[in-house]
Amino acid sequence: MTSIQIDSEGRLRHLITLEGLSEDRIIALLDRAAALRTSFREGAQGPQLLAGRTVVNLFFETSTRTRSSFELAARRLGAHVLNFDIAHSSTGKGESLEDTLSTLEAMQSAAFIVRHRENGMPARLAGHARRAAILNAGDGNHAHPTQGLLDALTIRDHHGGFDGLKVTLCGDILHSRVARSDVHVLRALGASEIRLCGPRALLPDPAAFSGCALFEDFDEALAGSHVLIMLRLQRERMQQALIGDEAEYFHRYGLTRDRLSRAADDALVMHPGPMNRGIEIADEVADGAQSAVLRQVANGVPVRMAALATLLEGR
Ligand code: NCD
């Protein structure tokens, strides 16, 4: 099936969304990430698959993990990285993003990592790019494909697979691109149950998440879950104050040790970050033995190495 990201020969040319990617293609990316993780050890050089290539970080929204992780991934494969300085660029003089892309592409940039507050901006740039690959690093509440992949790798590392897994995502589902990409990858890999939980005002239209069960009661949702993915209240994306008191929110939706004991015994606790401790997750859980938060961060680098290597192969 061709799409903006897959060409007529079936090659992945851009990574915009996980929606519609086959199980085989996703497993190939995860396996490649796992192999790169093994071959790259601290201090050792990774395979120089991107030697001499240039990767540009185009971040129109703030980022801690994703931007540094893409930069390390590109460098560990031997690429040069340009962290494009948007605040001091001509976008402030009215230049369109398409023209900015063409300008940087003319300087032989092979890949662009794009984060933007508007849904669809990375896809728009992919439609405009002449030769370069576009990797979506998060657009609005639409998609965050590399986060979905690193979450899947972290779950696979711990549980061995997805068969029979009950996964609960809790928090601001409505505004979360992470939730959308996680749901796409979990469906493709065959998780048996996906539960979405949050206050009514932050739950999405069920039609947009077909096959997922919606819950307002967190204790009900987490009972027997093998994976708990906690999400931040994304106030910057809320049009109005959808949520009142944070203490009340923590009381209903905060993951505490007591609550965690209702989940499956070996349940994995995940959070894409940035975490708001004491709002969606208690310190004791964020730093506890079941927390995979830093394993998620660690897996982000090989996952992005795999994505970059796959997209730039033969280009
Ligand atoms: C998230 C993002 O920006 O989409 N963080 C991330 O990339 N790891 C989630 C968030 O902002 O809450």
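How many residues of domain 1 are in contact with domain 2, and how many of domain 2 with domain 1?

A: Happy to, and please keep in mind that this is a predicted model. First, the two partners: domain 1 is made of residues 2–143 together with 300–312, while domain 2 covers 145–297. Their centres, taken over C-alpha atoms, are 25 Å apart.

Now to your question: 31 residues of domain 1 are in contact with 26 residues of domain 2. The size of an interface is often given as the accessible area that is lost when the parts come together. Here about 2,400 Å² is buried between domain 1 and domain 2, and carbon and sulfur atoms give 61% of that area.

Three salt bridges are found across the interface of domain 1 and domain 2. A salt bridge also joins the side chains of Arg156 and Asp31, with 2.9 Å from N to O.

If you look at the side of domain 1 that touches domain 2, the elements giving two or more residues to it are α1 (23–39), α2 (65–76), β3 (111–116), β4 (133–139) and α11 (293–312). Of these, α1 supplies the largest share, with nine residues. By residue type, this side of domain 1 has 14 nonpolar, eight polar and nine charged residues.

Key
Residues numbered from 1 in each chain as written. Predicted model: local features only at pLDDT ≥ 70, side-chain atom pairs only at ≥ 80, totals over all residues. Heavy atoms only, no water. Domains from an automatic or database assignment. Contact = heavy atoms within 4.5 Å. Buried area = accessible area lost by both parts, 1.4 Å probe. Salt bridge = Lys/Arg side-chain N within 4 Å of Asp/Glu carboxyl O. Helix = DSSP H or I, 4+ residues; strand = E, 2+ residues; numbered from the N terminus. Nonpolar A, V, L, I, M, F, W, Y, C, P; charged D, E, K, R; others polar.
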